[in-house]
Amino acid sequence: MKIAIIGTGYVGLTTGVCLADLGHQVSCIDNDLEKVEKLKRGIPPIFEPGIEELIKKNLESGKLTISSEITPVVKESEVIFICVNTPPKADGQSDLKYVEQVAREIAESLNSDYKVIVDKSTVPVKTAEKVKETILRYSQDETKFDVVSNPEFLREGMAIKDTLEPDRIVIGVDSEKAKEKMLEVYKPLIEKTNTPIKITSVRSAELIKHGANTFLAAKISFANLIAHTCEETGANALEVLEAIGLDKRIGNQFLNPGIGFGGSCFPKDIAAYKKTLEILGINGKFIEAIEEINQEAWQRFIHKIEKELWVLDGKIIGVLGLSFKPNTDDIRNAPALKIIGKLKADGVKIKAYDPQAMENFKKVMLDIEYCQNPYEAANSAEALLICTEWDEFRNIDLKRIKESMVTPIVFDGRNIFEPTKMEELGFKYFGVGR
Ligand code: NAD
Ligand code: UGA
C-alpha cells in the first residue's frame, strides 16, 4: 500500500519506518530541509533506540523514501498521515496552525482518486471536522476523501517497540470505506501481534488520546502526592505505592514518584484538554490539581537542597541527567531545565552530564559546565543531583563518586539508589518520598 507521512518527527518518522518495515511503500515528508537531507543519508535527527537501523534498512530496500515535496507524494498515496507538531499556545490551547497548513497543502495536491487522510497528531476533540472543512474549502470539486483519527500512544525512548507491539490501535472512522483502508494499513501488524483494534467514532478517538494522557499524568501526580505525604510523615512512598498498585484495578505502572513529569506531551496535552473543558463549560479542577502537584514535585526537590546546603551562592553542584526521561535526547519541559534554572539563579555553579541530551541542552543553556562523564560532574561538587534515571547512572562506581566530592550528598530525584546502601557508603542521601 502507498502511504504518505507528513511531518517526520518522533511520531512521523517512527510510524513511517515501522510501516515501511511491515511491507508498505512509505514516503516521509518534512518541510525542515536540514532534517530531510540528514534522513536521506540515513541519519536520524533524534536519538531513539533502534531507529537508525530501521531507517537505513528501509531506505536501502526502497520501501522508505524521504522528501520535502508534498504534492507528488499526496497524488500517488492512498493513505496520508498528518503527524505534524501541535504545540501549546500561551493559554494552553493546541496551536493547530501546522495541521491546518498541511490540510490545505493536501487539498491543493489531491487528484480524483479516493484518499484516506489520517490525523495522527494529538488534537482536541472535533479537530477532524475542521480538517475536513479545510480540505473541502481548498480542493477541487471532484475530490473524494475521508478524514480518520488514529491517535498515537508511543513513548519516546521506546518508540519502535511501542509502535510494533502496541497495547491497542485506535481508529476513529465515520465511513466503512475508510475503515477497510485503515485495517489494510495495520493488517501486517495485527497478524503478527494480535493487537486489539478499537474502531470508534472520529470524535471518540480524538478524546481517547487526551483522556489517556490525562489519566497517566494523574497517576504520576497521585504518586507524587503520596510521596509528599510520606516525606511529612515518615512513611515510605515506595512501599505505599507498591502495595496500592498490587490492586489489579489500579496497576503498578506510572506510579513512580519523582521530580515531576516533563516532555513534549503530558504538560501540553493536559493543558489542551483543560482548555477544551473550559470551552465546554465543564469543571477542569481535576487537571489543575495534576498540574499543581507536578509543580510541587520539582519545587520540593529544590527546598530539600536549600535546606541541606543552606547558602547556595557559590556552591558547586553536579547534575546527572538532563533529558525529560531516559533513552531520549529530548529536553522539552525536562524537570532538569527548571531545577538547574532555579539553582543557577541562586548562584550555584552547575556541572552537568547526560549520555545523550547535552547538545540539545547547550542550545538553551550555555552558562553551565558540561562534563564528559558522571565522575567529572561529581568532582569537587558539594552535592550531586539525579534528574533522569539513565541505566548508566544505576551502575556508576559510587565509591569513586564519593571520594571525588567535597561533601558526599546525593539528592536522587528518581529514586535509583537504595538509601541504606548509600548510607553504608558514607553518603548523605535524599530520595523522593522515602
Ligand atoms: P516533532 O516536533 O518531533 O515533529 C513534527 C514534524 O512536523 C517536524 O519535523 C516539523 O518540521 C514537521 N512539520 C511541521 N509542519 C510541517 C508542514 N507543513 N509540512 C511538513 N512537515 C511539517 O513532533 P512529534 O513529537 O513527532 O509530535 C507530533 C504530534 O504527535 C504532536 O501532536 C504530538 O503531541 C503527538 N504525539 C507525540 C508523541 C511523542 O512521543 N513525541 C507521542 C504521541 C503523540
Ligand atoms: C507519553 C505517554 O506515555 C505516551 O503514551 C504518549 O503517546 C506520549 O506521552 C504522547 O502523547 O506524546 P512520553 O512523554 O514519551 O510518553 O514519556 P513517558 O514515559 O510517559 O514519561 C513522561 C514523563 O513522566 C517523564 O518525565 C517521566 O520521567 C515521568 N514519569 C513517568 C514519572 O515521573 N513517573 C512515572 O511513573 C512515569
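Which side chain meets that of Asp91 in a salt bridge?

1. In this predicted model, the side chain of Asp91 meets that of Lys275 in a salt bridge, with 3.7 Å from N to O. The pair links distant parts of the chain, since Asp91 belongs to the loop between strand S4 (79-82) and helix H5 (97-109), whereas Lys275 sits in helix H11, 184 residues apart from Asp91. The structure as a whole holds 33 salt bridges.

2. The domain assignment divides the chain into domain 1, covering 2-200, and domain 2, covering 215-434. The C-alpha centres of these two domains lie 33 Å apart, and contact between them involves 17 residues of domain 1 and 17 residues of domain 2.

3. As to the extent of the interface, the area buried between domain 1 and domain 2 is about 1,300 Å², and carbon and sulfur atoms give 53% of that area. In general terms, the size of an interface is often given as the accessible area that is lost when the parts come together.

4. Between domain 1 and domain 2 the count is two salt bridges, and six residue pairs are found in polar contact across the interface, with both residues of each pair at pLDDT 80 or more. By class, the side of domain 1 that touches domain 2 is made up of eight nonpolar, six polar and three charged residues.

5. A further salt bridge to inspect is that in which the side chains of Arg332 and Glu156 meet, at 3.7 Å from N to O.

6. Turning to the aromatic residues, the count comes to five aromatic pairs. In one of them, the rings of Phe254 and Phe266 have centres 6.3 Å apart and planes at 75°, so the pair is classed as edge-to-face. This pair, too, links distant parts of the chain: Phe254 lies in the loop between helix H10 (237-245) and helix H11 (266-280), while Phe266 is in helix H11, twelve residues apart from Phe254.

Technical notes: Residues numbered from 1 in each chain as written. Chains lettered and ligands numbered in written order. Predicted model: local features only at pLDDT ≥ 70, side-chain atom pairs only at ≥ 80, totals over all residues. Heavy atoms only, no water. Domains from an automatic or database assignment. Contact = heavy atoms within 4.5 Å. Buried area = accessible area lost by both parts, 1.4 Å probe. Salt bridge = Lys/Arg side-chain N within 4 Å of Asp/Glu carboxyl O. Polar contact = N/O pair within 3.5 Å; in protein donor to acceptor, adjacent residues only side chain to side chain. Nonpolar A, V, L, I, M, F, W, Y, C, P; charged D, E, K, R; others polar. Phe/Tyr/Trp six-rings, centres within 6.5 Å; stacked < 30°, edge-to-face > 60°. Helix = DSSP H or I, 4+ residues; strand = E, 2+ residues; numbered from the N terminus.
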